[in-house]
Amino acid sequence: MSYFTAGPENGAKKTSTRIKVVATAGVAAVAMGAAACSSSPSSPGAGSGTPSSASASASGAAGSGAALKTATINGVSVVTNAQGFTLYSFAPDTATTSKCSGACAQIWPPLTGPVTAAQGVTGKLGTITRSDGSKQATYNGHPLYTYTADTAPGQARGNGINVNGGVWHEVTASGQAAPAGTSGGVSYGY
């Protein structure tokens, strides 16, 4: 049985056009769905950490003017942004310079500053000026970042990953970089 017939008198051209329209609409729907999924940074109940309380909130994962707080993730007390997303330091950075820009900063968004400290955050807060002129928050001299693969508060998938020219570490409440592998970091080979 043939779905298409040879002559236009049997509607072959009309059917072919309908298929193209349906296929195009399907591709557009899949693309829009993928974009919607990638822009949603969290899902309820997906985290494995226990965030501490904080009195301030931010407008985004790398929000400005937010209160840093702490959470226990896989037994380690780490510093998080106001939404509970783990904050990371990048080994090649210095106390005055971020070495993560361009594509790196899209995967590891800098935490914009200044920030304040909620209970449990005892390190020294500050800011540096990035190469684009924006202010980035620091904790005990470490520029701070979130990680796009952390899709929910309480995750620390970036700990111990060696990409973009150096190792990434979750920042502990004590201000020291956590040992690689303490929170299940996985190398994604970027």
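1. Pro-114 sits in the loop that runs between helix H2 (103–107) and strand E5 (116–117). In this predicted model, the peptide bond joining Gly-113 and Pro-114 is cis, with omega at about 5 degrees.

2. Two asparagines carry a positive phi. For Asn-74 the angle is near 50 degrees, a positive value in a residue other than glycine. Asn-74 belongs to the loop between strand E2 (67–73) and strand E3 (76–80). Its relative accessible area is 46%, so Asn-74 counts as partly exposed.

3. Asn-140 is not a glycine either, yet has a positive phi of about 50 degrees. The residue is placed in the loop between strand E7 (135–139) and E8. With a relative accessible area of 32%, Asn-140 is partly exposed.

4. On the sheet: three strands make an open sheet, ordered E4-E10-E9, with antiparallel pairing. E4 and E9 are the edge strands and each has a single partner strand, so one side of each lacks a neighbour in the sheet. Between E4 and E10 the antiparallel pairing runs over three bridges. Within this pairing, Tyr-88 stands opposite Glu-170 in E10.

5. On the aromatic residues: the structure contains six aromatic pairs. In one of them, the ring centres of Tyr-88 and Tyr-147 are 6.1 Å apart and the planes meet at 80 degrees, so the pair is edge-to-face. Tyr-88 lies in strand E4 (residues 88–90), while Tyr-147 lies in the loop between strand E8 (142–143) and strand E9 (162–163); the pair therefore ties together parts that are 59 residues apart in sequence. Both Tyr-88 and Tyr-147 are buried.

6. Another of the pairs is formed by Tyr-145 and Trp-168. Their ring centres lie 5.0 Å apart with the planes at 85 degrees, so this pair is edge-to-face. It links distant parts of the chain, 23 residues apart: Tyr-145 is in the loop between E8 and E9, and Trp-168 is in strand E10 (residues 166–170). Tyr-145 is buried, and Trp-168 is buried too.

7. Which residues form one aromatic cluster? The members are Tyr-88, Phe-90, Trp-108, Tyr-145, Tyr-147 and Trp-168. Of these, Tyr-88 belongs to E4 and Trp-168 to E10, and E4 and E10 are paired strands. Tyr-145 is in the loop between E8 and E9, and Tyr-147 is in the loop between E8 and E9.

Notes. Residues numbered from 1 in each chain as written. Predicted model: local features only at pLDDT ≥ 70, side-chain atom pairs only at ≥ 80, totals over all residues. Heavy atoms only, no water. Phe/Tyr/Trp six-rings, centres within 6.5 Å; stacked < 30°, edge-to-face > 60°. Helix = DSSP H or I, 4+ residues; strand = E, 2+ residues; numbered from the N terminus. Buried < 20%, exposed > 50% of the residue type's maximum accessible area, 1.4 Å probe, protein only. Pairing = 2+ DSSP bridges.
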